[in-house]
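Have the viewer open and follow along.

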Amino acid sequence: PWSFFEMAPLDPIIGLNEQFQKDDYPSKVIVGVGAYRDEKGKPFVLPSVRKAEKILAEGGLDMEYAGIAGEPRFVDLALEFAYGEDSAALKEGRIQGVQALSGTGGLRVFGEMMKKHGSTTLYLPNPSWGNHKNIFTNSGLEVKNYRYYDADNSSLDFEGMVHDIKSMPAGSIVLLHACAHNPTGMDPTLEQWKELSSVIKEQDLVTFFDCAYQGFASGDASKDAAAIRMFVEDGHLISMVQSFSKNFGLYGQRVGALSVVGRDAEEAKKVVSQMKTVIRPMYSNPPRHGARLVTTILEDPQLTAEFREECKGMADRINTMRGALKDSLESAGSTRDWSHITDQIGMFAYSGLSNEQVLEMRAKHHVYCTGDGRISMAGVTSDNVDYIANAIHDVAK
Ligand code: PMP
């Protein structure tokens with residue numbers, strides 16, 4: 001039955017790792033996948049997560065199935081983490097959710113559910129995270145773009161964005177990156193979010209927030225939730241997917257949540273019941289360990305405080321590396337304006353390198369970033385920053 005199967009192309013982001021592994025050049029560097037590395041370039045487990053692991057190991061927990069919606073306590077804490085403990089909508093029970101297979105799984109469950117309930121079109125920012133388009137196309141939705149980034153000026157094309165949102169038909173879904181936009185590192189300002197909130201309300205759109213970097217934009221997880229909280233306060237009945245991959249460093253544990261704000265608790269519960277009808281035939285129920293780790297941390301004020309500090313530490317190291325990369329480019333002799341590297345926020349630098357330059361940098365210098373010129377700043381360290389800067393300068397001259 002398999003003879004007509006062709007080899008599928010490598011995934012443009014994850015596939016880079018495979019290519020990198022095969023390269024035996026000694027000073028090769030990968031700044032592709034968005035995963036935090038410590039100052040030595042090594043994967044980093046947050047000390048608060050290590051402590052939670054120990055608590056769990058000593059707790060003698062059972063390994064029974066979670067429910068279809070996952071760990072209820074985890075979901076409650078995840079929602080408080082994003083919407084805020086003081087959220088009126090949360091207190092009124094109008095926000096309900098399910099545990100998700102990290103951000104990706106939540107996005108897919110949302111897409112499937114919306115398709116089942118008559119949605120046809122979802123709008124993504126241009127550009128957006130590379131996997132978004134495939135997730136929603138595979139869910140059966142038509143994926144379109146709205147203007148987001150002005151590549152010529154390395155800035156947010158806010159006017160274009162508002163213009164495009166105003167032309168979306170009522171009932172369309174608009175996906176917004178809650179903070180630290182991937183890949184551009186450019187977010188609307190608070191005033192601009194306010195304007196977006198009123199424009200979206202006039203258009204009667206379904207607002208869907210993708211919150212994958214809460215804590216990575218400003219270093220303060222509560223501050224990074226400002227746009228979400230503003231929209232809920234403004235009365236938007238949003239839906240949101242949260243990922244705990246980056247902020248808690250739980251990449252491989254697949255921890256996330258998908259939530260919805262309803263007119264009342266009854267309405268929100270109905271939507272959650274529909275999420276469960278998508279989940280049950282897809283993967284039945286989510287894994288428990290990662291959700292238990294997050295629960296253990298967020299239930300304990302001391303561990304939560306430690307987590308917040310550690311998350312800030314990651315964001316701070318990345319910011320230091322932004323400055324170092326810009327300085328190194330200048331020291332290497334580059335006369336181009338690299339100020340966007342330090343203006344951008346979150347995990348990535350959207351360098352402005354063309355696909356051709358990216359491929360040249362890979363072939364000549366063995367520096368691997370994604371084809372769109374996105375550099376994961378989390379992979380930049382004091383040891384490799386000059387090497388990366390020289391490589392960029394060489395191909396960008
Ligand atoms: N959304 C965005 C914007 C992302 O950048 C990512 C991760 N790169 C995800 C969702 C999903 O990540 P995960 O499935 O690990 O939560």
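Let's start at Ser284, which sits in the loop between α10 (265-279) and α11 (289-298). Helices here (H or I, at least four residues) and strands (E, at least two) are DSSP runs, numbered from the N terminus. Before going further, two bits of housekeeping. Residue numbers start from 1 along each chain as its sequence is written. This is a predicted model, so local features need pLDDT of at least 70 and side-chain atom pairs count only at pLDDT 80 or more, while totals for chains, interfaces and linings use all residues.

Back to Ser284: its phi is positive, about 70 degrees, although it is not a glycine. Ser284 counts as exposed because it has 10 C-beta neighbours inside 10 Å. The scale behind that word goes like this: a residue is buried if 20 or more other C-beta atoms lie within 10 Å of its own, exposed if 12 or fewer, and partly exposed in between, with C-beta atoms placed from the backbone. Asp204 also has a positive phi, about 60 degrees, without being a glycine. You'll find Asp204 in the loop between α8 and β8 (206-211), and it counts as exposed because it has 11 C-beta neighbours inside 10 Å.

Most residues other than glycine have a negative phi, and most peptide bonds are trans. On the peptide-bond side, the link from Asn126 to Pro127 is cis, with omega near 5 degrees, and Pro127 belongs to the loop between β3 (121-126) and α6 (132-138). Another cis bond joins Asn182 and Pro183, with omega about 15 degrees. Pro183 is in the loop between β7 (173-177) and α8 (190-203).

Now zoom out. The chain is assigned a domain 1 (14-45 + 304-396) and a domain 2 (65-299), with bounds that come from an automatic or database domain assignment. Their centres, taken over C-alpha atoms, are 27 Å apart.

What about the inside? The largest nonpolar core has 117 residues, and Ile228, Val294, Leu325 and Ile388 touch the most other members. Such a core is a set of buried Ala, Val, Leu, Ile, Met, Phe, Trp, Tyr and Cys residues joined through C-beta atoms within 7 Å. Helix α12 (residues 301-331) provides the largest share of this core, 9 residues. Both domain 1 and domain 2 give residues to this core, so it lies between them. Setting aside residues up to four places away in sequence, Val294 touches Phe74, Leu77, Phe244, Phe248 and Val255.

Finally, the ligand. Which residues come nearest to it? Of the 13 around it, they are Ser102, Gly103, Thr104, Ser243 and Ser245, where being near means a backbone-placed C-beta atom within 6 Å. Helix α5 (residues 102-116) gives the largest share of this shell, 3 residues. By class, the shell has 3 nonpolar, 9 polar and 1 charged residues.

Conventions:
Two residues are in contact if their C-beta atoms, placed from the backbone, lie within 7 Å. Ala, Val, Leu, Ile, Met, Phe, Trp, Tyr, Cys and Pro count as nonpolar, Asp, Glu, Lys and Arg as charged, and the others, Gly among them, as polar.
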